[in-house]
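Me: I have a structure open and have not looked at it before. Can you walk me through the inside of it?

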Amino acid sequence: MADPRVQAAIEHWMPRFVAQGVDVNDFLRTTSRIERWEQWLEIWCELGDMHRELACEAEAQGRSRTAGEAYVRAALCYHFAQFLWLVDLERRRVVHRQAVKALYAAHRHLDPEAERVEIPFEGTLLVGNLRRPINTPRPPLILLLPGLDSAKEEFFHWEEVFRIRGMATFSLDGPGQGEAREHTVIRPDYEVAVKAALDALSSRLDLDLERVGVAGVSLGGYYALRSAAFEPRIRAVAAIGGPYDFGACWPGLPALTKEVFIHHAGARDEAEGQRRAAELTLRGLLHRVRQPSLVVFGKQDRLIPWTQAEQTAAELPNGTLVIYPEGNHVCNNIPYKYRPLVADWMKEKLA
């Protein structure tokens, strides 16, 4: 019988992998080889190594576009190899660094103007990737916020949805996320990270910082709305698949999700993890979000009840609710619906 953790990862996350750019055939071939959760990281790394080798071969032949696309696939494989895997934390750190390196190699070929921005933050650093549209001198800026187990290395294709519409993107690893997770923990007041990011970008003349939007996926949807409540520089906000009250979701979360939250929240055990999760609530805050707000949700979400999206939208002074009856968590099974919707809405609100 298959390891239940492997089965849970496959059942919950296949649409997300494919939506972010993992080839569905790669997904099926790779996961069919995994019998035990302990094997997950190494088998996904083998696929990442294969795509990295394809990238190096293309580089050697001067085929820059092909090399960049292969590096994106490698970055995704390394990212998803370690995103929920806590079996060996040092091995996990090594593979995460491989994901980071592969994505910057992809930028070198596909978007050489992309920038790594390091942000001083409470004695350590947060990191974000800034990308700008072509031939747009001062574009509006969209902050892209990951969720519990995502990071900027997952966002290349999500960024493109905004860039081709003339908007710059800044994908941020905030507290407890991506490159910041070794020195920070998940915290409810995510607006402090958004403030630090906007402060770090404030002197730039190649961005229109009078037109700033923020879009968050999954737990990042909570972060986006929470940040908009406290950061007046945000002019529009979109929350995709985000919770109203994460603590209320705790009993129904998969075991892997709970384990990762406990680890990245710096909790000692499940009881403390649940208490930390209960701190992630929008209750009593949404009246402060005066900006135009878009709430996107899938009614088939197995992690967060769709009724939480209704509650969020009902409390927003200027909110719009879009619920897709067939959508799953973050609507990753219908990215062709929600992604253009969010990007077009952002472009119109920031025009």
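Reply: What follows covers the cores, the cavities and the cysteines. This is a predicted model, where local features need pLDDT of at least 70 and side-chain atom pairs count only at pLDDT 80 or more, while totals for chains, interfaces and linings use all residues. Residues are numbered from 1 along each chain as its sequence is written, and side-chain values use heavy atoms, with hydrogens and water left out.

Me: Which residues touch the most other members of the largest nonpolar core?

Reply: Trp40, Trp44, Leu141 and Phe170, out of 94 residues in that core. A nonpolar core here is a set of buried Ala, Val, Leu, Ile, Met, Phe, Trp, Tyr and Cys residues joined through side-chain atoms within 4.5 Å. Buried means under 20% relative accessible area, exposed over 50%, and partly exposed in between (1.4 Å probe, protein chains only).

Me: Which helix gives the largest share of this core?

Reply: Helix α4, residues 64–82, with 10 residues. Helices (H or I, at least four residues) and strands (E, at least two) are DSSP runs, numbered from the N terminus.

Me: Back to Phe170. What is it in contact with, leaving aside neighbours within four places in sequence?

Reply: The partners of Phe170 include Val117, Ile119, Leu130, Leu141 and Leu201. Contact means heavy atoms within 4.5 Å.

Me: What is in the second core?

Reply: That separate core has 25 residues, among them Leu144, Met167, Ala236 and Cys331.

Me: New topic. How many cavities of 30 Å³ or more are there?

Reply: Three, from a search of the whole structure. On a 1 Å grid over the protein atoms alone, a cavity is a set of points where a 1.4 Å probe fits but cannot get out, and lining residues have an atom within 4 Å of a point. Grid points are joined across faces, edges and corners, and a volume is the space filled by probe spheres set on the points.

Me: What lines the largest cavity?

Reply: It has about 250 Å³ of space and 24 lining residues, with Arg16, Asp149, Ser218, His329 and Val330 nearest its centre. Helix α1 gives the most to this lining, three residues.

Me: And how many disulfides?

Reply: The count is zero, where a disulfide is a pair of cysteine sulfur atoms within 2.5 Å.

Note on methods:
1 Å grid on protein atoms, 1.4 Å probe; cavity = no way out; pocket = protein on both sides within 12 Å on 5 of 7 lines; lining within 4 Å.
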